[in-house]
Amino acid sequence: PWVAGGCPISATEAAANAQPSQPAAPRARQVITLNHLLLGLLVVAIWGSNFVVIKVALASFPPLLMAALRFATATLPAIFFFRRPPVPWRNLAGYGLLIGGGQFSLLYLAMQSQISPGLASLVVQAQVLFTVVLAVLLEGERVRWFQLVAAALALSGFAVIGLHTDGSTTWLGIAMTLGAGLCWALGNMVGRQAGRVNMVAYMVWTSAFSVPQSTSTIVQSWL
């Protein structure tokens with residue numbers, strides 16, 4: 001046996017120790033596949049056409065009733081087939097109230113007569129800016145320079161929109177849609193705390209908390 005530092009080691013171990021250490025393998029880059037890109041474009045197409053469908057439906061349904069129906073159909077009967085996600089009840093309730101009672105209720109009220117569908121689809125995306133600000137304030141995330149550039153560009157776009165409203169869009173409609181975006185951003189923060197869960201089940205169970213919020217508002221408006 002060989003002796004190193006007074007401790008006997010085998011020849012095999014000595015040869016292994018004599019070999020130079022191999023550099024760590026570089027991390028593989030994550031590449032978006034064509035399937036993922038097509039799925040992303042499909043989501044964008046569905047989301048964009050969603051606003052046209054909302055405008056058509058608002059001609060037949062009151063805004064808050066429509067919000068209640070939206071989340072009622074998302075809850076039933078699916079809630080009987082999906083197990084509750086392993087997150088606290090307050091997380092489910094918070095997300096449901098912010099998205100159902102906040103985001104979509106305000107959005108539907110605005111789209112009824114205060115803002116056009118195309119403009120609403122753009123203004124509500126202010127949720128991206130709100131989410132970044134909330135992440136910095138609440139979770140201490142660092143903002144990179146390109147995010148600041150993008151935020152400045154988005155804010156300038158909102159300013160242009162506000163200065164060139166026509167008869168189909170009012171300042172109240174823009175304010176309500178921005179409020180919907182803020183509720184969406186707050187919902188993003190709550191949803192992030194849920195961690196890695198089955199998102200279909202999460203949406204089903206959180207929608208159950210959106211229905212009573214919208215329904216209670218309808219009842220109060222009738223009394």
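**View 1. Helix 6 of the predicted model, residues 127–139**. Helix 6 comprises 13 residues. From its first C-alpha to its last, helix 6 reaches 17 Å, which is close to the 18 Å expected at 1.5 Å a residue. Q127, L129, T131, L134 and A135 are buried within this helix. Just after helix 6 comes G140, whose phi is positive, at about 70°.

View 2. Because buried denotes a relative accessible area under 20%, I99, at 6% relative accessibility, counts as buried. When neighbours within four places in sequence are left aside, the contacts of I99 are F71, F104, C183, W184 and G187. A180 stands 81 residues from I99 in sequence, yet their C-alpha atoms are 8.3 Å apart in space.

**View 3. The largest nonpolar core**. This core contains 35 residues, of which L107, Y108, M111, I115 and Y202 touch the most other members. Two or more residues each are given to the core by helix 2 (34–57), helix 3 (63–75), helix 4, helix 5 (117–123), helix 8 (171–193) and helix 9 (199–222). Helix 4 gives the most, with eight residues.

**View 4. The contacts of L107**. L107 is among the residues that touch the most other members of the largest nonpolar core. With residues up to four places away in sequence not counted, L107 touches F51, A120, T177 and A180. A180 is also the residue whose C-alpha lies 8.3 Å from that of I99.

Terms used: Residues numbered from 1 in each chain as written. Predicted model: local features only at pLDDT ≥ 70, side-chain atom pairs only at ≥ 80, totals over all residues. Heavy atoms only, no water. Buried < 20%, exposed > 50% of the residue type's maximum accessible area, 1.4 Å probe, protein only. Contact = heavy atoms within 4.5 Å. Core = buried A, V, L, I, M, F, W, Y, C linked by side-chain atoms within 4.5 Å. Helix = DSSP H or I, 4+ residues; strand = E, 2+ residues; numbered from the N terminus. Expected span 1.5 Å × (residues − 1).
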